[in-house]
Amino acid sequence: MNKICKSFISVLSHGNLEKTYSSAAVLGRHLSFRSDLSLDKLYPNSRLQLYTPPPPSNKDDKFSGFIPINKLEITYSRSSGPGGQHVNTVNTKVDVRFKLAEADWIPEKTRQKLLNSLQNKITKEGYYVVKSDLTRSQQMNLADALEKLRALIREYEIEAPPPSEETLEKLRKRQEKAARERLFQKRQRSQTKADRQGPSIADL
């Protein structure tokens, strides 16, 4: 007789029924099968909590991709779109907001570019909001929103190359052409107004 059968027989042999149930529950937890790929074995110290690691060293004053979670305001709401009843019962849509002017984790030069370019998208309180309802998972949508924010910061961090001499020459010619067009149209309007007027006494 194997050990499992002996253990169950010893548990069932107790006279107290309530004690038997509790002992059987404890025994079931100890004898329940767990795969080597179960989450508690793969990640024994894992917790479903948002954790902000220390920022990496940044020597060249560039955005490293590090976003401190503790400096963001994260809210969840019900998502829209397909998904059946799951959409109406679970808050999976993610709103990530932060005050852009106070975001010291973004390099100063890049932060000023963002403030100048996104001033129409910043709320009256100074918050910039990134939203995501890509999936039906809070964690996946949070990761998607953070990745959107990283991509936005990196986009404004890229320095535009200086224009070449050929480009400057094209711009100069376009400006000269536009100036000639304005003068031509102005003369045409002046001539049209002059033609509308009747002949003066001096012309008779």
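User: What makes Phe98 count as buried?
Analyst: In this predicted model, Phe98 has a relative accessible area of 3%. Buried means under 20%, so Phe98 is buried.

User: And Trp105, why is that one called buried?
Analyst: Trp105 comes out at 13% relative accessibility. That sits under the 20% cut-off, so Trp105 counts as buried too.

User: How many aromatic pairs does the structure hold?
Analyst: Two. In one of them, the ring centres of Phe98 and Trp105 are 5.3 Å apart, with the planes at 55°.

User: Why is the Phe98 and Trp105 pair called tilted?
Analyst: Centres have to lie within 6.5 Å to pair, and 5.3 Å passes.

User: What makes the Phe98 and Tyr128 pair edge-to-face?
Analyst: The centres are 6.3 Å apart, still within 6.5 Å, so the rings pair. Their planes stand at 75°, which is over 60, so this pair is edge-to-face.

User: Which parts does the Phe98 and Tyr128 pair tie together?
Analyst: Phe98 lies in strand 2 (residues 91-99) and Tyr128 in strand 3 (residues 127-132), so the pair ties together parts that are 30 residues apart in sequence. Tyr128 is buried, like Phe98.

User: How do you know that Phe98, Trp105 and Tyr128 form a cluster?
Analyst: Ring pairs link them.

User: How much of the chain is buried?
Analyst: Buried residues make up 21% of the 204 residues. The chain itself has seven helices and three strands.

Conventions:
Residues are numbered from 1 along each chain as its sequence is written. This is a predicted model: local features need pLDDT of at least 70, side-chain atom pairs count only at pLDDT 80 or more; totals for chains, interfaces and linings use all residues. Side-chain values use heavy atoms; hydrogens and water are left out. Helices (H or I, at least four residues) and strands (E, at least two) are DSSP runs, numbered from the N terminus. Buried means under 20% relative accessible area, exposed over 50%, partly exposed in between (1.4 Å probe, protein chains only). Rings of Phe, Tyr and Trp (its six-membered ring) pair if their centres lie within 6.5 Å; planes under 30 degrees apart count as stacked, over 60 as edge-to-face and the rest as tilted.
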